Amino acid sequence: MKKNSLWMMTAILCCGLTFTSCVDNTDNPVQPQGPSGPAANETYENEAWMDRNTKPGDNFYEFALGTWLQTAPERDQGYIFGEGEKFTNEVRQYVLTSSDPKAQHLVRNFNDRKRTRGSEVEAMLKVLNIQKPNSAADVLSEINKMRDKGYFPLVSSKTDLLANHEFNILVTYGNMSPTLQRHLALKEKDKAVGFISDVLTEIDLATNLDAIAAMDPTAYVSAVTARAENIYKIESAIYAGTSGQPQELKKVPGLAPVLEMKTTSQIASRRAGEAANFDEASIKAVFNIDEKSYFDDSDAFKNYLKYLRDVVATCEQAKDYQLFYDYLRYQPLSLLMNYLPPVKTTDETPVNTYYAQLTNDFPLLMNQLAKDKLKELSVGAETCKKMMEDMRTIFRQRLQTLDWLSDAGRAKAQNKLDLMTFGIGFPDKMVNKEYTLKDDNTLILDAMELAAQNVALNNSLRFQKIEDLPDYHTLTTWYGQVNAYYDTSANSLMILPVFLTNSIFPVNEEYMRYATSMVFGHEITHGFDSNGVHYDEQGLYNPWLLPDDKLKLEAKQEQLIELYNRLEAYPGQKANGTKTLAENMADYGGIELSYALFKQDMKAKGLSGAEFDHACREYFLHLAKLWQIKLTLEDLKEQYLNDSHSRGTNRVNGIVTLMDEWYQLFDVKDGKLFVEPEKRVKIW
């Protein structure tokens, strides 16, 4: 799964598996008669949360959690998200009270009441020293100056991991504020323009206060809104070419378009006095991009550059480059807004906001400051390692019997599984880089200083291979977040410390421990989902499914898409099974592996008959507990637009309907969720 997700958790999973009471499917693929449904007098660990008036076949999530959903306040984080929040608070408190000199320096600046918004914006502009452009060449030159300081307006040239596993310079879109990206994703134009207006106003107040004071307030608001509208058009163009690419551009359901890049041709030199423009040759020349660098060759980026050239032509005709001057100053501040002090000096200092922004912007530094606490909290690391190896064994066995894989495809899948690496908890080694902070820096200057050092660090990676940098995750991943993920480019998965804490992966709560283990199986399965099958055992883009295998898998994917399309994302809106396909496939595989391991271990403990069936029902009910959360309608709408995961309700209700044993265990013979046996897609 992709790192850096928009909502709370980008990589936990849910359910799915075909199981028979006391008989594994690997032993007997024919659906057995199975156990009877739960006895009326049978009680469960989370009985108080259940709604016995809801039929499991109508809404299993509400059957398991209905009473809790009726009584909990809105946005109650429930079990795993609530425990994750406690984990986050504990790690934050550790850093904020640390004796480390860098931590103490940052905390001092967090609490500095002498800082003002105007002085911080003024300090930022002084460091960047942005000059008002009079031509396209001037704009490109200013962007070039800002690159080494960590800011990439309009166009960026940054070190990135390319398809050949080598870090190199990639020229592509400029950076965008996550706040603005959220407004664009939700199609909130008024809020987006309002955010841009706020940033421009902060700049005006810091640089031109007297002129603003002399203006009629209504006239100023009108003028700054007009400027913001122009910037909004540029930001919309960036969004359209990146996160906003429409679903129909995807070549395979659930597979994001592959960015095709080609080696640059010979660098064009710009003669003295020749006007530069937003085209490949001019950008290479001004940015001093050599022939070993890469240029984003996607149609979307080419169209974006054409759009910029049209804007340049308009500015040239009007002899006015104010739009670009506004943008050059707006873009870095849009990324730094969360470091500004409160609007009113009497307001509480937003220490948690500052801290959260640092973990997002500079994960390596924050990993260095929190490493001892993160290691301390990872108490379940050894248990996790054993469970993951056991699930690898189960997956290996299942690969041998999958009806849609040929022998040749089976061998390739087996090889990929065998070479998959597991990163569990906090790593033993970190990227060898020490940050420096100047004693007299304010907080915004700290952030800028760190940004510049990050650029230098990233540039030092150039021409190195990912295989030679096993610790690079500490540079890109904040290990204090509630997350786990599969890294497609390295065929490795990361289980971050939160999933190894005793609160989420409990030693003394067996059902919950196995329910949480589906996170591990989910990440393993990502190596073989609708995206993972396009990358080989080394993480290189090298589709390995044979044509017939691919057709069979895509037919099963279509079945899964249809299953989720019949569910609701929120009242009145059908779910998008295509958008969530990869995550749904990983959910399905995750519960297949987790549940198979659960049954195996329960049998090893001697459970059988009614006792075994009760334990299996508890497993399913604890899966619902894993996804216990109460979202508002607004939350659900945002998740539908921005998240590649299904909503929690659907991650439970969607997968259980594929599982023959679920029907038997909960005596489901009909209902809204009921799926005929022949239509229950079997992938893993």
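User: How are H7 and H12 oriented to each other, and why?

Analyst: In this predicted model, local features need pLDDT of at least 70 and side-chain atom pairs count only at pLDDT 80 or more, while totals for chains, interfaces and linings use all residues. Residues are numbered from 1 along each chain as its sequence is written, and side-chain values use heavy atoms, leaving out hydrogens and water. Helices (H or I, at least four residues) and strands (E, at least two) are DSSP runs numbered from the N terminus; axes are lines fitted to C-alpha atoms, for helices over the stretch in contact, and angles run from 0 to 180 degrees between N-to-C directions. Angles under 35 degrees count as roughly parallel, over 145 as roughly antiparallel, 65 to 115 as roughly perpendicular and the rest as oblique. Helix H7 (residues 189-207) packs against helix H12 (residues 322-336) at about 105 degrees, with the axes 10 Å apart, and the two are therefore roughly perpendicular to each other.

User: Which residues in H7 and H12 meet?

Analyst: Contact means heavy atoms within 4.5 Å. From H7, Phe195, Ile196, Val199, Leu200, Glu202, Ile203 and Thr207 meet Asp326, Arg329, Tyr330, Leu333 and Ser334 of H12.

User: In what order do the 3 strands form the open sheet?

Analyst: Two strands pair if DSSP finds at least two bridges between them. Here the order is E7-E9-E8, with mixed pairing, and the edge strands, E7 (421-424) and E8 (484-487), each pair on one side only. E8 and strand E9 (residues 492-495) are antiparallel over 4 bridges, and Tyr485 stands opposite Met494 in E9.
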